[in-house]
Amino acid sequence: MTTQATDYLIIGAGAVGLAFADSLLDEDPDCHITFVDKHAKPGGHWNDAYSFVALHQPSAFYGVNSMAFAGEAIDTHGANAGLHALASGTEVLAYFEKVMNLRLLPSGRVAYHRLSEFRGRDASGTATIRGVLSGEETRITVRRKLVDATFYQTSVPSTHTRAFAVDEDAAIAIPGDLPDLWKRPENIPETFVILGGGKTAMDVAVWLIEAGVDPARIHWVRPRDSWLNNRKYLQPGEDFLAATVESQMAHLEAFRVSQSGEEVFEHLEKGGYMLRIDPEVTPEMYHYAVISEGEIAMLRRVRQVIRKGRVTRVANGALHFGEVVHPVPEGALHIDCTARAVPFSAADNAGPQFRGDNIVLQPVMVPLVTFSAALTAFIEAHFPDDATKNQLARAAELTDSPGTFPYAFMMNLMNRGTWMQTPEIAAWLARSRLDPTGPTVARMAAAGDPRLAALSGFRQAVMAAMPDVIRLGMSAKALHESATSPAK
């Protein structure tokens, strides 16, 4: 057994852990950081994702602060035409490898234990890690803090455990299997059955249609429909600032005239800021997924939608929903998209981020997880005690439904207001590439750009809407607490 020492031991070398470390290196030039991660390469769940996965937000405000993605461009064709191109999963993984190999490790202040797992920490604060393949253990003295970057417990189809039974003669696959179907042309199915209503299922449906599959050959099990953010209102840069501000003003007005989170979404849909696949079905889910209007048009071509709850058993020729049986064509390929990207059991570890000699990284600006981690690192380096740090980086709860959305929106506004009144943080926001609007507004202000007039009246709109934001936000918080209480 070997022994090492570090200032910060980060559990998880995914997007969140990397964003925290990248920011901390700049803000605390004396610290040493050690990563421990089970994967063979940095990037966390991106290592396990299906090959055709892509960011559904622009890469301009994803990743780490110190390094931009290569080649930002506007798509000229396809469902995303006119909007910033979306980095593919391959590009995201390559980016995180560059962050580790060209930025973090060359600093001489970062150690990286890949293919290793955290085994715990003793009373003296010394942590033990073990090699996944070697079985060898290493003891690490943590001089300052243990940083948990695994709060989100991200689950993808290739790693999750199915919650339903599958008969031996039923064909089942995960999304990552689809691009290899060409290798077995004699076994290509006539019918595809998509299981799940989240963004992964949407990606699969779009992929199949773009691959030439007639939508009539696709059956889609959607236990719940989802509200979706319209991607055209979430674009970075000066040319899109007016649309961004327009969307935020519409959110504020929706809160002002609504009595619930559900009503907020109905108002936002009228302006095109929120989208849904089926205009006849009211969505019960909201996970901040982002989509283009072009993709929505493609998804609406899938007409055979099954709404009988969650599948309990997959058989050849039939889907079971408890006692209810729904027939599907024999020989159909069932595609399991039921993994939840962010299991809401993560809430079990919710609480303040700063906990003595522990930091549990959580969203302080939902859903911007890398921004949240980078800002948390800045606060860790520049402010004196846990009480102050937690006041500046108040964790917001994850949102599962329209009913709980107002609390996250309220926390975002309250946190942003606190940051803008804290000069050190306001200056950091103006230069952070992970902040969708801060650097854009700073550049435009410095240049006297007339397009900055789009912000006129925004502050007044926030002040006018804030009582209603708090009214709905606190109601949503009570709803969330009731739904997740042990008694339930």
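1. Helices here are DSSP runs of H or I with at least four residues, numbered from the N terminus. The model is predicted.

2. Start with the second largest pocket. Its volume is about 440 Å³. Helix H3 (residues 199–210) supplies the largest share of the lining, six residues. The lining has 20 residues in total. Nearest the pocket centre lie Ala54, Leu86, Val206, Glu210 and Glu295. By class, the lining holds nine nonpolar, five polar and six charged residues.

3. Next, helix H4 (residues 241–257) against helix H5 (residues 261–270). Their axes come within 9 Å and cross at roughly 135°. Angles over 145 degrees would count as roughly antiparallel, and 65 to 115 as roughly perpendicular, so H4 is oblique to H5. The crossing of H4 and H5 is right-handed.

4. Which residues meet between H4 and H5? From H4 come Ala250, His251, Ala254, Phe255 and Val257. From H5 come Glu263, Val264, His267 and Leu268. Six of the residues in this contact are nonpolar, two are polar and one is charged.

5. H4 also packs with helix H9 (residues 405–420). The angle is about 125°, and the axes are 13 Å apart. H4 and H9 are therefore oblique to each other. Their crossing is left-handed.

6. On the H4 side of the contact with H9 are Gln248, His251, Leu252 and Phe255. H9 contributes Phe405, Pro406, Phe409 and Leu413. The contact of H4 with H9 has six nonpolar residues, two polar and no charged.

Conventions
Residues numbered from 1 in each chain as written. Predicted model: local features only at pLDDT ≥ 70, side-chain atom pairs only at ≥ 80, totals over all residues. Heavy atoms only, no water. 1 Å grid on protein atoms, 1.4 Å probe; cavity = no way out; pocket = protein on both sides within 12 Å on 5 of 7 lines; lining within 4 Å. Points joined across faces, edges and corners; volume = space filled by probe spheres on them. Helix = DSSP H or I, 4+ residues; strand = E, 2+ residues; numbered from the N terminus. Nonpolar A, V, L, I, M, F, W, Y, C, P; charged D, E, K, R; others polar. Axes fitted to C-alpha atoms, helices over the stretch in contact; angles between N-to-C directions. Parallel < 35°, antiparallel > 145°, perpendicular 65-115°, else oblique. Left-handed = near helix turned anticlockwise from the far one by under 90°. Contact = heavy atoms within 4.5 Å.
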